[in-house]
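Hello,

Here is the structure we talked about handing over. Please open it beside this email; my notes follow below.

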Amino acid sequence: MKRAGGRRGAMWNWTPKDEKKPGGSSHPEATHIGKSIVIKGEVSGSGNIYVDGALEGIVELLEGNLTVGLEGRIRANVQAHSIVVHGRVDGTLYGTKHVDLKKSAVLVGDIYTSRIAIEEGASLRGSVLVQKDIPALLRKKVARAESITEPMPFRRAKT
């Protein structure tokens, strides 16, 4: 047998993919947002993100995965391929593949996904819609939002 580098004597061929990823994240090569980081605005891309800090605004990871760590706090509507929550989220979750609420999760908002797992102990205040074609649902919501040209006027209730 050959070892990496062409030397004989090893029982296996080592490759970089065999090396354990730092941090033990279930999402390899994730961008880590640390405890002391606060991001306000729009976060988008196709990579994976692990949040231990705070995010406010909009999160769109169309082909990426989002993991909210135990210390993570998100105040945003989130769209991602896969969403795993250990911390707190205030906002709507759109998981095109699945959403997983761990026992320490606190979610105040709605969930739209094709698969869901909620561990005993997780807190959820909102509604859940499990549907096969979540991307089609998102397209309808965007089309409906774009068709509105001006906001509805505010009307006071008669007293």
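Strand β7, residues 93-101, is mostly covered: 7 of its 9 residues are buried. Buried means under 20% relative accessible area, exposed means over 50%, and partly exposed lies in between (1.4 Å probe, protein chains only). Strands are DSSP runs of E, at least two residues long, numbered from the N terminus.

Two notes on the source. This is a predicted model, where local features need pLDDT of at least 70, side-chain atom pairs count only at pLDDT 80 or more, and totals for chains, interfaces and linings use all residues. Residues are numbered from 1 along each chain as its sequence is written, and side-chain values use heavy atoms, with hydrogens and water left out.

Now the partners of β7. Two strands pair if DSSP finds at least two bridges between them.

- β5 (residues 73-85) runs parallel to β7, with 7 bridges joining them. Gln79 stands opposite Tyr94 of β7.
- β9 (residues 111-113) is also parallel to β7, through 3 bridges. Here Tyr94 has Tyr112 as its bridge partner.
- β10 (residues 116-118) joins β7 by 3 bridges, again parallel. Leu101 is partnered with Ile118 in β10.

One loop residue also came up. Asn48 sits between β2 (38-45) and β3 (49-51). Is Asn48 buried or exposed? Asn48 counts as buried because its relative accessibility is 15%. A polar atom of the Asn48 side chain lies 2.9 Å from the backbone nitrogen of Asn65.

Best wishes

How values were computed:
Helices (H or I, at least four residues) and strands (E, at least two) are DSSP runs, numbered from the N terminus. A polar contact is a pair of N or O atoms within 3.5 Å; within protein, one must be able to donate a hydrogen and the other to accept it, and residues adjacent in sequence count only if both atoms are side-chain atoms.
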